[in-house]
Amino acid sequence: MSNSSPYLITDATLATMVPGDAAYGLLRDAAIAVQDGRIAWVGQANEVPDHYADWQRKPMQNRLITPGLIDCHTHIVFGGNRAMEFEMRLNGASYEEVARAGGGIVSTVSATREATLEKLVEDALPRLDALIAEGATVVEVKSGYGLDQETELNMLRAARRLGELRPVTVKTTFLGAHATPAEYKGRDDDYIDQICIPALRAAHAEGLVDAVDGFCENIAFAPAQIERVFKVAQELGLPVKLHAEQLSHQGGTALAAQYGALSVDHVEYATEDDAKAMAAAGSVAVILPGAFYTIRETQMPPIDHFRAHGVPMALATDCNPGSSPMTSLLLTMNMGCTLFRMTPEEALAGVTHNAARALGLADRGQIAAGMRADLVVWDVETPGELAYRIGFNPLYTRIHEGNQ
């Protein structure tokens, strides 16, 4: 299938994810007309307009088609790995012992700084390929393991390169306010002013940034420090996102809502007032069960408050070397349902329509006329099977911008 040759997908069941009377926006015995990488028409197979009649047909034998999956929160570009730290912790080592052995974010920063651009790309490709193999058509990639200007830029350059090497849309997020590097220990404000903000300006000048993120937490940065970064993002015309309320309640969600953040991510310790603020701002709650699982957190995100106040909920892998070394959106969906009691429909919306909203993408995440033709065809009978199965990949084929 190619953008230059229009075609008609037939004999399909569609989970359009367009709100309506049917769960999942389900359409049976349906067809999709694709032209120039976009969806030209969607509807019942017996209602295909005459002017599509002579288009090449692609029958799908009643397979399920969903929008392309979207991983809206990842850290897949980094150097090294933290398997040693994982093993040490499970053998009883304390946080201090792991740190003294060179573990923790310090080890990832060191390995990332030492890696060349080519090495960062080479190491990230298998992680990206794993996501693509499960139907991902859009992947967000953050910086944040360089913590100096050149390495932060190199991470973003690597992320852009990934989108050139694979048939996937890569959205880049500047996360310079992720942690304070060892050379700035005890001087968080100096790091923000001398490294983070200049690196953001340089990355923007090079065209490397789609959004700006930060980590607002008691082990990272305070709201006032994050706000200085957000003000620069606002000046540069860049949307913001925020890691907030993951380990404690620091007030980051309220700050993010104040700046109209695309999303607030983790949010285990968010309150009902936070949910109200997010709803008023139109911010998406990005739920990250992989990190919750890995660090054995017990505080669950306030799913009921998000439902009650109409906060859209996305799901993402949070793929990173420390707290969520996961590259499966299908497992993420299952974990969202099993750990947090999200419904399978909420889970699928979380990796399609709402994940698109979390990235500011108005033309992805649904099967509707005018949307980009990012589609996944599955060997399942019902959408609920995608969240139900564990360790099983029913992908039949994946279509990115009209191309199979």
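**Figure 1. Arginines over aromatic rings.** In this predicted model, Arg 63 lies over the face of Tyr 396, at 3.6 Å from the ring centre.

Figure 2. Searching the whole structure turns up seven aromatic pairs. One of them joins Phe 78 and Tyr 145, an edge-to-face pair with 6.3 Å from centre to centre and 75 degrees between the planes. Which parts of the chain does this pair tie together? Phe 78 belongs to the loop between strand 5 (69-71) and helix 1 (83-90), while Tyr 145 belongs to the loop between strand 6 (136-142) and helix 5 (149-165), so the pair links parts that are 67 residues apart in sequence. Are the two partners buried or exposed? Phe 78 has 5% relative accessibility, so it counts as buried. Tyr 145 has 4% and therefore counts as buried too.

**Figure 3. Tyr 191 and Phe 221 form a stacked pair.** Here the ring centres are 6.2 Å apart, and the angle between the planes is 15 degrees. Tyr 191 sits in helix 6 (residues 188-205), and Phe 221 sits in the loop between strand 8 (211-216) and helix 7 (223-236). The pair links distant parts of the chain, 30 residues apart.

**Figure 4. Three aromatic residues in one cluster.** Which residues make up this aromatic cluster? Its members are Trp 41, Tyr 52 and Trp 55.

**Figure 5. Cysteines without a disulfide.** How many disulfides does the count give? The count comes to zero. Take Cys 72: its nearest cysteine sulfur is that of Cys 319, 13 Å away, and Cys 72 is in no disulfide. Cys 72 counts as buried because its relative accessibility is 0%.

**Figure 6. A look into the second largest pocket.** The volume of this pocket is about 310 Å³. Its lining has 19 residues, and those nearest the centre are Glu 345, Glu 346, Ala 349, His 353 and Asn 354. Two or more lining residues come from each of helix 11 (303-308), helix 13 (344-350) and helix 14 (353-358). Which element gives the most to the lining? Helix 13 does, with three residues. By type, the lining of the second largest pocket holds 11 nonpolar, five polar and three charged residues.

**Figure 7. Ala 355 in helix 14.** Ala 355 is found in helix 14. With a relative accessible area of 0%, Ala 355 is buried. For a sense of scale, pick out Ile 105 as well: along the chain, Ala 355 and Ile 105 are 250 residues apart, and their C-alpha atoms are separated by 27 Å.

Figure 8. How many cavities of 30 Å³ or more does the structure hold? The structure has one. The largest cavity has a volume of about 30 Å³. Among the residues that line this cavity are Pro 67, Ile 70, Thr 137, Arg 364 and Asp 374.

**Figure 9. Two residues with a positive phi.** Most residues other than glycine have a negative phi. Tyr 24 is not a glycine, yet its phi is positive, at about 65 degrees. Tyr 24 lies in the loop between strand 1 (7-15) and strand 2 (26-35), and at 13% relative accessibility Tyr 24 counts as buried. Asn 62 is another residue other than glycine with a positive phi, near 65 degrees. Where is Asn 62 found? Asn 62 is in strand 4 (residues 56-67). Its relative accessible area is 42%, so Asn 62 is partly exposed.

Terms used: Residues numbered from 1 in each chain as written. Predicted model: local features only at pLDDT ≥ 70, side-chain atom pairs only at ≥ 80, totals over all residues. Heavy atoms only, no water. 1 Å grid on protein atoms, 1.4 Å probe; cavity = no way out; pocket = protein on both sides within 12 Å on 5 of 7 lines; lining within 4 Å. Points joined across faces, edges and corners; volume = space filled by probe spheres on them. Helix = DSSP H or I, 4+ residues; strand = E, 2+ residues; numbered from the N terminus. Nonpolar A, V, L, I, M, F, W, Y, C, P; charged D, E, K, R; others polar. Phe/Tyr/Trp six-rings, centres within 6.5 Å; stacked < 30°, edge-to-face > 60°. Buried < 20%, exposed > 50% of the residue type's maximum accessible area, 1.4 Å probe, protein only. Lys NZ or Arg CZ within 6 Å of the ring centre and 35° of its normal. Disulfide = S-S within 2.5 Å.
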